[in-house]
Structures are given as structure tokens and as C-alpha cells.
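Reader: I have the entry open and would like to go through it with you piece by piece. Shall we begin?

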Amino acid sequence: MTLEEFVEFAEVFAREHGEPGTLSHRHLRRLVAGHGENGAPVGQPRPATARLLERIFGVGIDELLAPPPDRPAAHEVRDQRVRRARVGRSVIAEALRRYYGVDTYRFRCAGSEPVTSIVGESGWSDLGCSLVPGGEGLRLASGSASDSERFEDAREPGVRMTDAPLYRLLDVDPQPSTITGTLALASFVDYALTADLLEGELLDALAAGERGNLPLRESLLPDVEAVFDLPNRLCAGGALALCAIARPASGEQGPDYALLVQQRSDQVLNMARRLSVIPKAFHQPLRDPSGDVSIRATLLREMEEELFGRVEVDSTGAQRVAAPMHPSRLSKPMRWLLDEPDRLRIECTGFGLNLVSGNYEFAGLIVIDDEEFWSRYGGHIEANWEASGLTVYSSLDYELNAELVTDERWSNEGLFALLQGFRRLSEIGGARVRLPDVTPLTATEP
């Protein structure tokens with residue numbers, strides 16, 4: 001609420017609960033600031049007003065007017081982020097494999113054998129499921145998101161975060177023909193104050209050399225059985241996809257695909273400063289909980305936000321548009337892509353559960369085969385605030401892409417989506433593609 005709105009609320013509350021206390025906008029502003037206009041301490045409000053505030057908030061007036069708890073200084077937050085970013089992706093994956101005693105998705109690629117923190121069941125990494133309008137079987141169960149009371153206390157300085165509904169996974173059955181499953185709504189802040197804290201705890205422990213000191217993980221996600229027990233935990237997640245855009249021949253280089261890779265900014269809640277494919281999104285509704293449940297809808301919305309600059313589809317801002325993905329509101333690049341059904345191909349290449357925080361991850365591939373798109377709209381592609389940098393790789397540059405795979409800055413889900421995208425694009429990309437071979441490894445292979 002604004003201060004004005006709270007004054008109105010307090011007036012109605014007092015009338016409905018028989019409280020004689022009153023609260024003006026000017027008095028409320030002084031109470032919030034902790035001092036008067038001349039800088040003098042604000043002092044205690046009148047007993048009737050104090051009792052009104054105590055009934056509204058359910059705590060004593062001394063606690064309400066106490067100074068806020070100490071929060072880390074900006075330089076302390078920056079130093080912590082630097083320490084966390086120095087923990088390599090493979091160190092994270094190996095630590096989690098040892099903690100849970102489980103094999104995770106790993107691959108052989110161009111002489112290296114990258115290991116991820118993603119676990120799954122048989123067949124989940126060999127999907128190639130085409131995501132077409134109306135082709136998914138994900139459904140929303142009844143229920144509403146719960147509220148959190150600790151949002152402002154937990155929010156880090158400089159991090160953009162807002163409380164909004166997001167999807168939690170209850171059950172899932174990913175198949176090459178379709179993706180089926182059941183989801184419910186949860187509060188983003190409830191996730192941010194529970195499961196999402198597992199990442200920071202792990203990175204801080206690894207940075208300090210204290211691999212076994214993980215009390216929060218022991219409480220929330222103690223073993224692999226808990227990881228797969230979806231109905232009985234808050235399993236949030238997201239969708240991310242390797243984006244491949246056909247380009248015409250240029251100079252001595254033949255026709256290829258432009259492959260987009262981002263470095264996540266310091267303003268994002270998780271995986272700050274890590275490499276990832278783009279788009280990358282939380283799976284959450286924007287305005288229509290039932291209509292937004294498909295993975296295709298999430299990826300299209302994120303393309304609009306992360307690549308084409310549509311700020312009104314940013315889930316961290318206020319939502320006032322009833323149908324932000326209505327054809328009449330689409331960006332010019334997106335409208336061109338959706339005008340013809342064969343201009344945009346979206347596939348789910350793999351699915352898994354990320355041991356870092358227990359999230360579910362839908363890995364995808366977005367392919368634009370018509371070179372005309374790059375000629376028309378290549379200059380429109382620009383990463384938003386979630387990325388601190390955007391790099392374009394050629395699908396014909398074998399050496400550079402092989403080197404990219406070994407970069408320790410990758411997030412585990414980002415590398416999973418990249419390698420799955422490489423596998424699928426090599427199958428369907430024809431002469432435009434000269435990517436390193438990617439071979440999945442199982443627990444029985446050397």
C-alpha cells in the first residue's frame with residue numbers, strides 16, 4: 001500500500017473493530033521515517049493510536065517503531081556475489097553428486113566430459129518434443145498461492161524481485177509426443193525464502209571449503225527421495241532454450257545459425273554472473289494462470305521480454321494489461337514470426353530436476369529457419385536487464401563452440417540446455433551446422 005492507502009485502510013479497520021485511534025498521513029510519514037520534519041525523534045503515538053497499530057499488525061508498538069535490523073552493506077553484498085561466482089559449475093555439480101550419492105546427466109563433447117547437477121528418469125533427456133499451440137498436456141490444479149510476511153527483510157539490495165504467483169510441479173510425464181503434468185500455484189516469495197536459498201548456502205559453503213555445512217539443505221532437500229517427492233515439497237522451476245537464428249552467407253562464411261548466449265546480471269535472484277542460453281524464464285503465469293501454463297507460452301513471452309524489449313511482459317513489474325501476448329500487442333519481430341506457422345520451431349529437448357535448488361528444468365530449442373528474419377530484425381535483438389552481456393556464436397565455428405562447452409561460468413541448467421540444443425540442432429540443421437558431437441553418458445559407462 002501507499003501511505004495514503006494505508007491511512008484509508010486504518011480508518012476502516014478502526015471503525016469496523018471499534019478502535020478510537022486515528023492516523024493521519026502526516027503522522028504515518030513521521031512514524032515510518034522514525035523522526036519528525038525537524039529531525040527530532042518521533043516518540044510514542046497516543047495510546048489509542050498505538051493500540052490500533054498493534055491490532056492491525058499483531059505486534060507491539062515498541063517492535064513496530066524499533067530500528068530495522070542490520071542489513072549487509074553494499075560492498076559486502078558485492079563481495080559475496082564475487083565469491084559465489086568464482087565457484088565453478090563442475091565443482092557445484094560434483095559436490096551435489098557426492099551429497100546425494102546419485103548419477104546426474106553427463107555428456108561427452110569434443111574431448112571433455114561435462115557433468116551437470118540435473119537428474120532425471122530414463123528418456124527425459126531424449127525428447128525432441130515439438131511445442132505447438134495446444135499441443136501440451138500440462139494442467140493447473142485448483143488452489144491459490146500463499147502469502148509471505150518476510151519479503152522486504154529478505155530482499156537483497158540491487159536484486160529485482162517481486163511477490164507473484166509461480167507454478168509448482170506436482171507430477172510430470174515428459175514424452176517425445178507431448179509433455180503432460182499437473183501444476184499448482186505458489187508464491188514466488190515463499191520459494192525465494194525457502195528452496196531458492198539452497199543455492200546461496202551451497203555456494204557460500206563451497207567458497208569457504210565447508211562442503212558438509214548445509215543445514216538448510218538437510219532440512220528442505222536432504223536426500224534424492226525428497227528431490228523426486230514433488231507433491232510434498234515446493235518444486236518451482238523454469239524453461240530455457242538455445243535460440244538458433246538462420247543467417248545468410250557472409251564473406252567467406254556460408255549460411256549458418258546465430259546461437260545466443262547470455263551472462264546473467266547481478267540483478268537476477270539466482271545464477272547471477274553465470275552463463276546461460278537465452279531465453280531463460282521462471283515458469284509462472286503473467287495474467288492468465290490456466291492459459292499461461294504451457295512451456296511454449298513461457299518461452300514466447302520470454303523472447304518478447306529478453307530479446308525484443310517488451311517491458312510489459314516483465315514479471316517483476318506491475319501488470320495492468322489483460323492480455324499482454326495478444327496479437328495486437330506483439331513486437332514486430334514476434335508478429336512476423338507468428339504470422340506463418342513454419343517460421344518458428346520450438347521443441348523441448350530434455351527435462352530434469354536440478355539438485356542445486358530442486359527446481360524442475362524444461363530445456364528447449366528455438367529455431368528460426370528463414371534467413372529473412374535476420375535480415376529484417378537481427379538489429380532488434382537486445383538482451384534486457386537480466387543479462388549483463390550477450391554473445392553470438394556461429395553454428396559453423398566448431399572450435400569456439402567446443403571451447404564454450406568447457407567454460408566454468410555456465411549454470412548447470414544452462415549447460416544442460418546448450419548441450420541438448422547442440423544434439424538436436426546437429427540432427428536437423430543440415431549444412432548450417434558444424435557443432436561438436438554430444439553423447440549422453442549413463443551411470444554404467446566409463
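Reader: Is α9 itself largely enclosed or open?
Author: It is largely enclosed by the rest of the structure, because 8 of the 11 residues in α9, which spans 197-207, are buried.

Reader: Which residues of α9 are the buried ones?
Author: They are L198, E199, G200, E201, L202, L203, A205 and L206.

Reader: And what covers them?
Author: The cover over the buried residues of α9 includes α5 (74-85), α6 (89-100) and α10 (215-220).

Reader: Staying with α6, where does R97 lie, and is R97 buried or exposed?
Author: R97 lies in helix α6. Its relative accessibility is 18%, and since the cut-off for buried is under 20%, R97 counts as buried.

Reader: What is R97 in contact with, leaving aside its neighbours in sequence?
Author: Beyond four places in sequence, R97 has contacts with V102, D103, T104, R106, V115 and T116.

Reader: Let us turn to strands. In what order do β4, β5 and β6 sit in their sheet?
Author: The order is β4-β6-β5, in an open sheet of 3 strands with mixed pairing. The edge strands are β4 (137-140) and β5 (165-174), each of which pairs on one side only. On average, neighbouring strands of this sheet are turned by 25° against each other, direction ignored.

Reader: How many bridges join β4 to β6, and do the two run parallel or antiparallel?
Author: There are 4 bridges between β4 and β6 (residues 179-187), and the two strands run parallel. As one of the pairs, R139 has T182 in β6 as its bridge partner.

Reader: Which strands does β8 pair with?
Author: Its partners include β7 (residues 237-247), with 4 bridges in the antiparallel sense. β8 also pairs with β13 (residues 387-394) in the antiparallel sense, over 7 bridges. With β9 (residues 275-277), β8 has 3 bridges, again antiparallel.

Reader: How many residues of β8 are buried?
Author: The number is 8 of the 9 residues in β8 (residues 256-264), so this strand is largely enclosed by the rest of the structure.

Reader: What about A281: which strand holds A281, and is A281 buried or exposed?
Author: A281 belongs to β10 (residues 280-282). Its relative accessible area is 9%, and A281 is buried.

Reader: Which residues does A281 touch?
Author: Not counting residues up to four places away in sequence, A281 touches G237, G238, A239, T298 and E302. As for P341, A281 is 60 residues from it in sequence, with 23 Å between their C-alpha atoms.

Reader: Now the whole chain. How many helices and strands does the protein chain have?
Author: The secondary structure comes to 16 helices and 14 strands. Of the 446 residues in the protein chain, 50% are buried. Among contacts between residues at least 6 apart in sequence, 69% join residues at least 24 apart.

Reader: Finally, where is confidence lowest and where is it highest?
Author: It is lowest in helix α7 (residues 151-154), at a mean pLDDT of 41, and highest in strand β12 (residues 360-368), at 98. Over the protein chain the mean pLDDT is 88, and 91% of the residues reach 70 or more.

Reader: Which stretch stays under 50?
Author: That is residues 144-155, for which the model has 23 contacts beyond four places in sequence. Where pLDDT is low, the predicted coordinates should not be read in detail.

Conventions. Residues are numbered from 1 along each chain as its sequence is written. This is a predicted model: local features need pLDDT of at least 70, side-chain atom pairs count only at pLDDT 80 or more; totals for chains, interfaces and linings use all residues. Side-chain values use heavy atoms; hydrogens and water are left out. Two strands pair if DSSP finds at least two bridges between them. Axes are lines fitted to C-alpha atoms, for helices over the stretch in contact, and angles run from 0 to 180 degrees between N-to-C directions. Buried means under 20% relative accessible area, exposed over 50%, partly exposed in between (1.4 Å probe, protein chains only). Contact means heavy atoms within 4.5 Å. pLDDT is the predictor's confidence in each residue, from 0 to 100.
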